[in-house]
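Welcome! Take a moment to look over the sequence and turn the model around before reading on.

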Amino acid sequence: MRYRLTFFAGLALGYVLGTRAGRERYEQLKKSARQVAQNPAVRNTAESAAQQGRVFAGKAYHMVSEKVGDRVPESVAGRVRSLRERNANGAGPDDWGTSNT
């Protein structure tokens with residue numbers, strides 16, 4: 001019960017402070033977030049992190065598929081194969097909108 005009370009008190013405090021800040025502050029924060037997201041350094045870091053994630057996911061898939069063998073559903077195996085083929089062919093953006101740079 002104590003945790004619920006703390007949560008709702010924090011929620012109420014956040015609401016009050018948010019309404020006092022008003023629409024202008026919201027727009028200012030939104031503009032700042034957009035500028036950070038469009039920064040080339042941030043975009044490059046995000047793309048390299050996505051590429052690393054794809055590499056690690058591929059390694060994990062190989063390790064798991066070796067251990068479970070034919071127990072991986074064909075739908076999953078087919079999807080992974082198609083993604084791997086598409087990336088090997090140097091295709092453009094993936095399902096998440098990032099490029100393969």
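**The whole chain**

Keep in mind that this is a predicted model. The protein chain contains 3 helices and 0 strands, and reading along the sequence gives the pattern α-α-α. How much of the chain is buried? Of its 101 residues, 7% are buried. The protein chain exposes about 8600 Å², and carbon and sulfur atoms supply 60% of that area.

**A charged pair**

Side chains of opposite charge can pair when their charged atoms come close. In this model the count is 1 salt bridge. Which residues form it? K30 pairs with E27, and their closest N and O atoms are 3.8 Å apart. That pair counts as a salt bridge because the cut-off is 4 Å. Both K30 and E27 sit in helix α1, 3 residues apart, which is about one turn of the helix.

| Residue | Relative accessible area | Class |
|---|---|---|
| K30 | 33% | partly exposed |
| E27 | 30% | partly exposed |

**A nonpolar patch**

Now look for F7, F8 and L11. Together they make a nonpolar surface patch of about 340 Å². One of these residues, F8, has its place in helix α1, which covers residues 2-37.

Technical notes: Residues numbered from 1 in each chain as written. Predicted model: local features only at pLDDT ≥ 70, side-chain atom pairs only at ≥ 80, totals over all residues. Heavy atoms only, no water. Patch = residues over 30% accessible without salt bridge, like charges linked within 9 Å, V, L, I, M, F, W, Y side chains within 5 Å. Areas by Shrake-Rupley, 256 points an atom, 1.4 Å probe, with all protein chains shown as cover. Salt bridge = Lys/Arg side-chain N within 4 Å of Asp/Glu carboxyl O. Helix = DSSP H or I, 4+ residues; strand = E, 2+ residues; numbered from the N terminus. Buried < 20%, exposed > 50% of the residue type's maximum accessible area, 1.4 Å probe, protein only.
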